[in-house]
Amino acid sequence: MKLYLAGTEIPAYRSLLAQEGYTTVALSYWGLRRRTKFTKLYDLAEKFGDESEILIDSGCHSVNSKPNSDLSDAELKDIAEHYYDAFIAPNQERLTYYVEFDAHQLGDEWIAQQRERLDRDKAIVVWRPETGRDALEHLCHDWPHVGITQAGVDRQDIAHLLPHLAETTDTKLFGLGMTKTAALEHGLWYGATSTSWISPSQFGDTIIWAGKELHRYPRRYKEMSRARHKHAITDAGFDAEAVIADDATEVLRLSVWSWKQFSDHINGTGVTAPGKQPTEGNADPTPQAVDRLPQEARHAGVTPATAKQREKQPFPGLALVQNTADDGTVSRPILKTVDPGVRNCDRCYLSSSCPAAEPGSACAFSLPLEIRTKDQRADVNAALLEMQAGRVFSLRYAEELEGGITNPVLSGEIDRYMKMAKTVEDTEENSFSVKITATQKGAAESGLISRLFGRDEGEQARSLPEPVTVERAAIETGFVDAEVIEDRAA
């Protein structure tokens, strides 16, 4: 795969790539329009060295990604005429490939008409994902160079279609505007363009090749990631202190080198198939005979796939353990973690800084850990607290070395330590509660209370909650206050 690093319409990026000896580059015509009025011919031969392989992207993705374009159809057609006649045609000999002007706003019919004027040896036609997989197959049979955008890869499941197209057609597949490394690793691309290499300059990201993997950290992890890979940065020949200090040039130089290593890694593993030379006139290959089953052997239904059955075993890192007591009794199976033994120094991202790293060897370290009892869990919690406290104090020391400038990462680690400490404290807090229910009636009730809680509590249980007046007692008992009158005979 040829990885075309884009953004060369900006002179600073173009100069940096030339300085680093990176020769497969891409230029966006639409991005160039934002920087120049094209009052004179833009001569690629003057801007790039003879060794550069240049891919021109029309940049129509910027127009197609907007639901409502600010440009009218007439304005877009004028821009397309300038792109083909005043930019591509004069630089036809110097450029290697160029992407068609596929402005969706102008319609499929207009795009089809413009394709008649394209140079089939250098033009790249773009597949629109909404047209479906069949349209992609038709393009690959009709055109020698077909471009697929990152949005197309995301919207359509074409991972299994790309190998088929690469093997059955003479088409060179180009990934346009690729931003995800997974899309580059799993596609059979002849070439791909990407502006991701300049994200450290635009967004403060950190891109570094370490441990045979391209690492990309967002801005919020800048300090952590650069310090973590300090040794790898130094081993690659860059100034690690300048990278940590966010020197724009050194960070971009590291990014260019990292993308170059990523590209070489893909090509070295054979993931990317070499490009095929287009046949004369893009003729279809001669049909070959296809083996067919005899008519009488055909049958309805689906033939079940036969797979070799193998003995099942636990996943690496897990094991079922049974302990045998002295009397010969075997305990129930217990799931435990064990060292899988699959990590090796050649594939470990720490190999550049690990003191025990040795090519072709398994990892020299193991982690003997068991959490089966409350005491073991308490020991692990204490170890984690100690580890987090060590991180806090290490960051505090680094803060002092940097002149006392407040480090937001340190503040976050302190908050994390406090949360961990509170969780451990709540887990280990001892509490005890007892609830007693007892029932007896009459005088026996007070006697029971006295026996359980003491004489004073019993006396209190026998006393009324508040004094009762005579009138209220009479009413509650049913007595009526009356005056006695003598019964006199008449």
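Exposed and buried residues in a predicted model

Q: Is leucine 320 buried or exposed in this predicted model?
A: A residue counts as exposed when its relative accessible area is over 50%. Leucine 320 has 59% relative accessibility, so the residue is classed as exposed.

Q: Which residues form a nonpolar patch on the surface together with Leu320?
A: Leucine 320 itself belongs to strand S11, which covers residues 318-321. The patch has about 450 Å² of accessible area in total. Besides Leu320, its members are Phe315, Leu318 and Leu335.

Q: Is threonine 24 buried or exposed?
A: Threonine 24 sits in strand S2, residues 24-28. The limit for a buried residue is under 20% relative accessible area. Threonine 24 has 15%, so this residue is buried.

Q: What does the side chain of threonine 24 reach at 2.8 Å?
A: Leaving aside residues up to four places away in sequence, threonine 24 touches Leu3, Tyr4, Leu5 and Glu53. For one of these, Leu3, there is also a distance from the threonine 24 side chain, 2.8 Å. The atom reached is the backbone oxygen of leucine 3.

Q: How many aromatic pairs does the model contain?
A: Two rings pair if their centres lie within 6.5 Å. By this rule the number of aromatic pairs is 15.

Q: Which helices hold tyrosine 29 and tyrosine 83?
A: Both tyrosines are buried. They are 54 residues apart, and their pair links distant parts of the chain. Tyrosine 29 lies in helix H2 (residues 29-33) and tyrosine 83 in helix H5 (residues 73-88).

Q: What kind of aromatic pair do phenylalanine 238 and tryptophan 257 form?
A: Their centres are 5.8 Å apart, with 65° between the planes. An angle over 60 degrees has its own class. The pair of phenylalanine 238 and tryptophan 257 is edge-to-face.

Q: Where do phenylalanine 238 and tryptophan 257 lie?
A: The two residues are 19 residues apart and link distant parts of the chain. Phenylalanine 238 is buried, at 7% relative accessible area, whereas tryptophan 257 is partly exposed, at 24%. Phenylalanine 238 is in the loop between helix H13 (230-235) and helix H14 (240-244), and tryptophan 257 is in helix H15 (residues 248-269).

Technical notes. Residues are numbered from 1 along each chain as its sequence is written. This is a predicted model: local features need pLDDT of at least 70, side-chain atom pairs count only at pLDDT 80 or more; totals for chains, interfaces and linings use all residues. Side-chain values use heavy atoms; hydrogens and water are left out. Patches are made of residues with over 30% relative accessible area and no salt bridge: like charges are joined within 9 Å, nonpolar side chains (Val, Leu, Ile, Met, Phe, Trp, Tyr) within 5 Å. Accessible areas come from the Shrake-Rupley method with a 1.4 Å probe; for residues, only the protein chains shown count as cover. A salt bridge is a side-chain nitrogen of Lys or Arg within 4 Å of a carboxyl oxygen of Asp or Glu. Helices (H or I, at least four residues) and strands (E, at least two) are DSSP runs, numbered from the N terminus. Buried means under 20% relative accessible area, exposed over 50%, partly exposed in between (1.4 Å probe, protein chains only). A polar contact is a pair of N or O atoms within 3.5 Å; within protein, one must be able to donate a hydrogen and the other to accept it, and residues adjacent in sequence count only if both atoms are side-chain atoms. Contact means heavy atoms within 4.5 Å. Rings of Phe, Tyr and Trp (its six-membered ring) pair if their centres lie within 6.5 Å; planes under 30 degrees apart count as stacked, over 60 as edge-to-face and the rest as tilted.
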